[in-house]
Amino acid sequence: MKHDTAGDPVSGILWTRRTTEKVADELASGGIEVCPNTVAKLLKELGYRL
């Protein structure tokens, strides 16, 4: 996620260039099964905007 994260330095808003589906697929390849909706909720909790 580090290389695909962007943001506004003034407001502190973060976002990712990856879709929630792509993040879920990458997690699944590492053995973590999660749906894209859960990824969206987790990213929101971490301060990301979709």
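Trainee: Why does Arg18 count as partly exposed?
Mentor: Its relative accessibility is 22%. Buried means under 20% relative accessible area, exposed means over 50%, and partly exposed lies in between, with a 1.4 Å probe and protein chains only. The value of 22% falls in the middle class, so Arg18 counts as partly exposed.

Trainee: What do the numbering and the values rest on?
Mentor: This is a predicted model, in which local features need pLDDT of at least 70 and side-chain atom pairs count only at pLDDT 80 or more, while totals for chains, interfaces and linings use all residues. Residues are numbered from 1 along each chain as its sequence is written, and side-chain values use heavy atoms, with hydrogens and water left out.

Trainee: What makes the contact of Asp4 and Arg18 a salt bridge?
Mentor: The term requires a side-chain nitrogen of Lys or Arg within 4 Å of a carboxyl oxygen of Asp or Glu. For Asp4 and Arg18 the N to O distance is 2.3 Å, and the pair is a salt bridge. This pair links distant parts of the chain: Asp4 sits in the segment before strand S1 (5–7) and Arg18 in the loop between strand S2 (14–16) and H1, 14 residues apart. Asp4 is partly exposed, at 21% relative accessibility.

Trainee: How many salt bridges are there by this rule?
Mentor: The count is two. In the other, Glu26 pairs with Arg18, and the closest N and O atoms are 2.6 Å apart. Glu26 has 41% relative accessibility and therefore counts as partly exposed. Shared partners join Asp4, Arg18 and Glu26 into one network of salt bridges.

Trainee: Why does Thr20 count as buried?
Mentor: Its relative accessibility is 16%, so Thr20 falls in the buried class. Thr20 belongs to helix H1 (residues 20–29); helices are DSSP runs of H or I with at least four residues, strands are E runs of at least two, and both are numbered from the N terminus. Leaving out residues up to four places away in sequence, Thr20 touches Pro36, Val39, Ala40 and Leu50, where contact means heavy atoms within 4.5 Å.

Trainee: How do you know that the buried residues of H1 line one face?
Mentor: The buried residues of H1 are Thr20, Val23 and Ala24. Seen down the axis of H1, they fall within an arc of 100°, so they line one face of the helix. The arc is that of the directions from the helix axis to the C-beta atoms. An α-helix has 3.6 residues a turn, so residues three or four places apart point the same way. On the face of H1 turned away from its buried side are the exposed residues Lys22, Asp25 and Ser29.

Trainee: What puts the buried residues of H2 on the same side?
Mentor: In H2, Val39, Ala40 and Leu43 are buried. Their arc around the axis is only 100°, which puts them on the same side of H2. The face of H2 turned away from its buried side carries exposed residues, among them Asn37 and Lys41. The buried residues of H2 pack against S2 and H1.

Trainee: Why is H1 called roughly perpendicular to H2?
Mentor: H1 and H2 pack at an angle of about 105°, and their axes are 8 Å apart. Angles under 35 degrees count as roughly parallel, over 145 as roughly antiparallel, 65 to 115 as roughly perpendicular and the rest as oblique. The angle therefore makes H1 roughly perpendicular to H2. The axes are lines fitted to C-alpha atoms, for helices over the stretch in contact, and angles run from 0 to 180 degrees between N-to-C directions. Thr20, Glu21, Val23, Ala24 and Leu27 in H1 meet Pro36, Val39 and Ala40 in H2.

Trainee: Which residues make up the largest nonpolar core?
Mentor: It has five residues: Val23, Ala24, Val39, Leu43 and Tyr48. A nonpolar core is a set of buried Ala, Val, Leu, Ile, Met, Phe, Trp, Tyr and Cys residues joined through side-chain atoms within 4.5 Å. H1 and H2 each supply at least two residues of this core. Beyond its neighbours within four places in sequence, Leu43 is in contact with Met1, Thr16, Tyr48 and Leu50.

Trainee: What makes Pro9 exposed?
Mentor: Its relative accessibility is 79%, so Pro9 counts as exposed. Pro9 lies in the loop between S1 and S2.
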